[in-house]
Amino acid sequence: MVKICCIGAGYVGGPTMAVIALKCPKIAVTVVDISAPRINGWNSDHLPIYEPGLEAVVKECRGRNLFFSTEVEKHVAEADIVFVSVNTPTKTHGLGAGKAADLTYWESSARMIADVSKSDKIVVEKSTVPVRTAEAIERILTHNRKKINFTILSNPEFLAEGTAIKDLFSPDRVLIGGRETPEGQKAIETLKDIYANWVPKEKIICTNLWSGELSKLAANAFLAQRISSVNAMSALCEATGADISEVSHSIGTDSRIGPKFLNASVGFGGSCFQKDIMNLVYICECNGLHVVANYWKQVIKVNDYQKSRFVNRVVASMFNTVAAKKIAVLGFSFKKDTGDTREAPAIDVCKGLLGDKARLSIYDPQVTEDQIIKDLSMKKFDKEQPAHLQPPSPTSIKQVAVVWDAYTAVKDAHGVCIMTEWDEFKKLDYQKIYDNMQKPAFLFDGRNVMDVGKLRKIGFIVYSIGKPL
Ligand code: NAD
Ligand code: UGA
């Protein structure tokens with residue numbers, strides 16, 4: 001039986017390995033992590049991450065050919081193929097702080113693989129890494145000159161949170177990068193055979209190592225760029241009376257542009273878009289490509305601009321102050337169908353509103369109070385961060401209430417901000433909400449998911465992104 005071990009039981013390692021185990025019953029898959037609470041979660045009825053469809057997959061294979069363990073070294077030593085799916089956040093100190101990827105976790109994984117291995121292994125880069133990381137990893141793997149062959153592959157992951165299982169079941173493509181040597185090509189074939197258990201062969205793209213690594217950064221940069229492009233257009237729509245939904249539809253019908261990923265919003269969030277673009281910017285700078293670096297930096301700048309524009313709009317509409325006013329914040333995760341709050345736009349918007357001394361009542365169906373308070377209290381690493389986005393003082397944190405029901409959040413509120421497009425927000429009784437709010441009742445739709453006409457008929461003053469007032 002082929003043995004796979006995946007280091008890192010996070011948003012990527014957990015779901016990807018669960019799907020490999022489901023689709024390949026003849027392969028034994030063990031996911032290992034240094035975090036005992038995470039592993040305990042994976043072995044319990046309350047999985048550590050919320051992802052539609054995940055529980056069913058895990059329940060079917062766990063204990064059969066899918067295992068979760070903290071015995072990292074043991075399972076790495078026994079494996080034929082080791083996936084490394086550890087976090088690669090942005091460096092917060094030292095050289096490249098604020099831009100470069102922090103490869104500490106990757107490096108320590110590679111050192112450990114080298115130290116404990118007693119047999120040949122294919123080592124797969126699942127984490128998103130800077131281009132040419134494999135070169136450094138190869139040097140680490142071979143540092144103690146054992147007679148063991150390590151073949152490194154790049155196999156970046158393209159799943160999106162909230163649709164991870166659907167994306168893994170039928171990916172647009174699977175990408176495998178490897179060395180153009182006989183060993184490299186053999187390893188590519190081995191990994192290809194695993195995916196071929198459920199992915200059509202024509203969807204499995206094979207490249208050299210560096211193209212594999214760079215394609216992942218490029219894909220995220222292009223996706224984020226699309227959102228910043230549409231968000232930049234939304235500002236112009238608001239200034240001119242054009243409607244961003246009509247503009248998105250009109251341009252999206254051009255088959256060269258395509259209709260997906262053109263929803264204007266309060267800004268993109270998530271753990272990867274910003275970090276991967278900053279990583280790309282850093283790589284460009286290191287290669288002396290300053291014009292290219294500045295080009296990609298603008299994608300982040302427009303995203304920050306979109307979030308502050310939203311805060312300014314709320315404050316300006318509510319008679320230039322939200323001090324002591326109750327603002328209900330519906331949704332805190334960075335998108336629907338996930339409890340993940342990493343880089344969620346709600347964090348910056350809430351900080352901005354607290355900076356103007358608002359009282360916040362926050363509700364999200366999947367995010368706990370502890371997480372929300374932690375996110376709002378955390379200092380965000382950003383050298384260029386404006387003062388109003390610094391963490392609020394302990395006194396303003398007291399102005400935050402986290403509640404477990406949308407109706408409680410909006411009761412007696414002066415304004416409502418929709419920060420995440422959870423389906424349940426579309427189904428709320430807005431007449432009831434209006435009746436229980438202070439008047440005039442404001443609603444700021446940061447996701448363009450509301451029926452504006454219907455809300456205005458009820459009496460709400462509605463602001464959506466890129467739409468006529
Ligand atoms: P995560 O933080 O959810 O999970 C990483 C896990 O690795 C953590 O549980 C951590 O404890 C563990 N870990 C760190 N060092 C370890 C070590 N030495 N030994 C054992 N375990 C260790 O991160 P994630 O969201 O799963 O992302 C992982 C990688 O995948 C990142 O490079 C990310 O850019 C990339 N990625 C993420 C997504 C996504 O949707 N989250 C999608 C595609 C790619
Ligand atoms: C994104 C990519 O879509 C994945 O392919 C990639 O694997 C992943 O990053 C990663 O590398 O981590 P994810 O961040 O999970 O996935 O979710 P997305 O659906 O891409 O949404 C990202 C953000 O953009 C969310 O805040 C979302 O609300 C926002 N968004 C998305 C918009 O504002 N408008 C859109 O049209 C689409």
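Tutor: We begin with a term: a polar contact is a pair of N or O atoms within 3.5 Å; within protein, one must be able to donate a hydrogen and the other to accept it, and residues adjacent in sequence count only if both atoms are side-chain atoms. This is a predicted model, in which local features need pLDDT of at least 70, side-chain atom pairs count only at pLDDT 80 or more, and totals for chains, interfaces and linings use all residues. Residues are numbered from 1 along each chain as written, chains are lettered from A and ligands numbered from 1 in the order written, and side-chain values use heavy atoms, without hydrogens and water.

Student: Which polar backbone atom is 2.8 Å from an oxygen atom of ligand 2?

Tutor: One belongs to Phe 334. A polar backbone atom of Glu 161 is also 2.8 Å from an oxygen atom of ligand 2.

Student: And which side chain has an N or O atom 2.8 Å from a ligand 2 oxygen?

Tutor: That of Lys 216.

Student: Turning to ligand 1, how many residues surround it?

Tutor: There are 26, the closest being Val 12, Asp 33, Thr 88, Glu 161 and Lys 275; a residue is counted if one of its heavy atoms lies within 4 Å.

Student: What is the distance from the Asp 33 side chain to an oxygen atom of ligand 1?

Tutor: An N or O atom of the Asp 33 side chain is 2.6 Å from the oxygen. A polar side-chain atom of Arg 38 lies 2.9 Å from a ligand 1 oxygen, and one of Arg 342 lies 3.0 Å from a ligand 1 oxygen.
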